[in-house]
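The sequence and the structure are shown first.

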Amino acid sequence: MRLIPLLAVLLAVCLALSSCDLFAQKPAAASGGVVGDNGADLTVSGVHIVIPAGAVPTGTHVEAAFEDRNPAGADGTNLKTLSKAFRIKLGDGLEPAKPLTVTVPVDKNLLIAQQQSDTPSTVAMMVQSEGASTPDLVHGTWDPAAGTITAQVPHLSWVWPVQLDLGAVMKNVRDSIMQSLGIEYPKPDCVDKPVTIGATTYKAVSPAQAWVCVGDSNGSLTVTASSNSPIPFLTTTSPSAEATNKTEVSVATAFAVAVAGNSGFTKKHQAILMPGADAQYSFNGAPGNDVQVGFQQFPAMLLVSILAKVFDVAVGHFVDSKALDMVSKAGCMQNIVDTSQAGSALSPGVAAGVVKSFFGCVGSVVSLSWPAQIVMAILSAGPQFLVASALGIINEFTGGSDFTATVKALALKAPGVLDGETRFVTLDPWHDGALAAVAETQDASIVAADQAQYAYCSGSEIAPRKDGFRCYWPGIYDPCFQSPTTSGDFLCETVDTNGKVKTTRLKNMHIGSEFSTFVNSGAPEQSSPVRVELTDGTICARSTGAGPQGVPGYPYWAGACFGPSAGVWRVGEPDQWKDDQAHYQLYPAVTPGGYWQVAISVGNETAPAQRFDVKSVYR
């Protein structure tokens with residue numbers, strides 16, 4: 001009789017000690033049973049196991065027990081385990097030929113109540129084999145009355161009842177987006193730095209929501225906008241220009257930009273601007289007037305980026321790394337374009353349509369494994385939760401209204417110096433952009449070794465200045481101007497029959513050859529003209545060779561003229577310029593301080609030469 005009071009005391013002491021938990025799930029020695037002709041129906045430590053007939057041979061021993069073990073390679077942040085691992089072993093490690101039905105008791109208090117979502121639909125069973133690096137998921141059924149989760153388990157050894165925590169998914173998405181966006185948006189080094197192209201200087205005025213930079217690409221204006229706001233914008237320019245996006249290494253951002261381009265969100269001459277994706281515009285040449293850059297809010301693109309991040313966080317562990325790239329190119333993403341547009345308010349209804357279109361497209365394009373299908377099903381079961389959470393993220397940001405930035409075009413003082421009324425410009429194409437943008441590049445490195453002697457340049461006959469050359473590959477180019485930093489690189493000028501200047505870049509040329517080693521030594525500012533522009537707009541360009549026969553008073557030719565006074569550029573005896581190369585082929589003004597002149601046989605090469613006023617001389 002004294003035993004009962006003693007047990008009561010021991011029980012009281014045990015309950016008083018934190019280390020004594022009589023009711024906690026503990027690892028236990030494995031127990032089980034034997035499979036009969038009709039299979040087995042066992043309950044071990046509260047876990048109900050049904051082994052169908054034919055799953056394993058009759059007489060197979062079944063061992064089962066809870067163990068302290070976490071699933072290897074699983075996402076423990078978003079998938080919450082609801083019990084300890086339960087191990088099932090059949091014989092010496094047999095795998096069942098048919099799925100086992102396993103029902104595991106779960107503490108209801110561990111279940112997460114998903115706001116605006118059907119909580120039972122978020123549960124599943126995680127299964128992992130011995131030695132497997134990652135677990136599998138199978139559908140689970142929640143019985144709220146019994147407090148159990150039941151699943152058909154196709155293989156062994158461990159099972160865990162789990163729940164996808166949608167709240168944790170969206171928190172991870174938000175944290176990831178906030179980290180990628182950053183508290184501050186770094187100011188690019190190019191901001192507030194003007195660029196000069198030809199006779200125009202361009203300077204961008206950056207608005208609060210974006211950093212705007214200008215640049216020079218071979219004589220053409222470039223405009224780059226970098227994000228200074230978490231809200232995406234659809235951008236375009238006036239005048240229009242070729243639009244592209246430069247994206248950083250971010251799955252969600254790259255996906256959003258790809259969707260915008262592939263599905264028609266962005267039209268020709270438009271680009272998306274969002275954190276991690278710069279909008280870049282390239283003009284054909286240099287606009288003479290201001291450039292306007294328009295920005296239109298596009299919150300739907302932020303939602304697309306958020307959904308891509310949801311997919312990556314929740315499902316990315318179970319799918320091919322290129323899954324999102326496949327989705328971005330899919331035609332079904334057009335449904336998102338049809339659902340929303342730039343400038344539209346992102347209402348819950350519109351957002352729900354985007355969510356539905358996104359996950360519907362993913363399901364139709366990506367080959368999903370069973371685990372991925374289960375997670376996708378869980379995500380699809382809670383669309384209202386995702387919509388509310390995504391809108392919550394979007395509403396944390398305050399994007400300004402639609403706006404416009406301006407790139408100011410400031411005309412420079414005309415280059416060169418006046419000599420009377422005529423302006424003399426010393427060409428410096430590698431620095432001042434006086435020549436047009438490079439239209440063609442030829443690289444002599446492709447020339448065969450036994451032909452390399454022909455890919456050379458020697459002193460120019462047209463531009464007798466120290467950097468002036470005539471090049472003989474892949475044709476004859478004169479004048480060509482040598483790069484100040486790379487001796488084998490040249491910019492060569494030609495003028496077409498419309499008077500337009502074309503610039504060809506020659507690379508990796510040889511200087512001199514067995515045919516000619518001549519190099520000029522004259523100063524550029526003392527060189528003779530290579531091209532002139534008349535007051536009536538006519539362009540005259542130098543040429544060499546025999547040319548047409550002379551006319552009275554002008555026995556030689558200097559080149560050809562194109563435009564209103566088109567004809568043969570004429571010149572007299574060269575001795576009259578022997579001490580004044582800077583004015584070779586030019587004749588003094590009729591009146592002191594007036595325009596220098598050139599002689600032209602207009603229309604017909606045999607016509608008498610006439611004098612014409614020269615507005616600009618290029619040498």
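A residue is called buried when its relative accessible area is under 20%, exposed when it is over 50%, and partly exposed in between, with a 1.4 Å probe and protein chains only. The model is predicted, and local features need pLDDT of at least 70, side-chain atom pairs count only at pLDDT 80 or more, and totals for chains, interfaces and linings use all residues. Residues are numbered from 1 along each chain as its sequence is written, and side-chain values use heavy atoms, with hydrogens and water left out.

**Overall composition**

The protein has ten helices and 36 strands. Of the 619 residues in the protein, 47% are buried. Contact here means heavy atoms within 4.5 Å. Among contacts with a separation of 6 or more, 68% are between residues 24 or more positions apart.

**Disulfides**

A disulfide is a pair of cysteine sulfur atoms within 2.5 Å, and the whole structure contains four of them.

| Pair | Sulfur separation | Angle about the S-S bond |
|---|---|---|
| C457 and C471 | 2.0 Å | 105 degrees, right-handed |
| C480 and C492 | 2.1 Å | 110 degrees, right-handed |

C190 is partly exposed, at a relative accessible area of 31%, whereas C213 is buried at 5%.

The sulfur atoms of C457 and C471 are 2.0 Å apart.

For C480 and C492, the sulfur atoms are 2.1 Å apart. The pair links distant parts of the chain, with C480 in strand β27 (residues 477–482) and C492 in strand β28 (residues 490–495), twelve residues apart. C480 has a relative accessible area of 0% and is therefore buried; C492 is also buried, at 0% relative accessibility.

**Cis peptide bonds and the surroundings of P479**

Which residue is joined to P479 by a cis peptide bond? The partner is D478, and omega of this bond is about 10 degrees. P479 is placed in strand β27 and, at 4% relative accessibility, is buried. Apart from neighbours within four places in sequence, P479 is in contact with S460, I462, A463, F469, L491, C492, E493 and V530. Of these contacts, V530 is 51 residues away from P479 in sequence, with a C-alpha to C-alpha distance of 7.4 Å.

A cis peptide bond also runs from W473 to P474, with omega near -5 degrees. P474 is in the loop between β26 and β27.

**Positive phi angles**

N218, a residue other than glycine, has a positive phi near 55 degrees. N218 is in the loop between β14 and β15 (220–227) and is exposed at 51% relative accessibility. Q585 is likewise not a glycine and has a positive phi of about 75 degrees. Q585 lies in the loop between β34 (567–571) and β35 (597–602), and it is buried at 1% relative accessibility.

**Packing of α4 and α7**

Two packed helices are described by the angle between their axes and the distance between the axes. Helix α4 (residues 299–314) and helix α7 (residues 348–365) have axes that come within 11 Å and cross at roughly 45 degrees. The axes are lines fitted to C-alpha atoms, for helices over the stretch in contact, and angles run from 0 to 180 degrees between N-to-C directions. Angles under 35 degrees count as roughly parallel, over 145 as roughly antiparallel, 65 to 115 as roughly perpendicular and the rest as oblique; α4 and α7 are therefore oblique to each other. The contact involves L303, V304, L307, A308, V310 and F311 of α4, together with A351, V354, V355, F358, F359 and V362 of α7.

Conventions: Helices (H or I, at least four residues) and strands (E, at least two) are DSSP runs, numbered from the N terminus.
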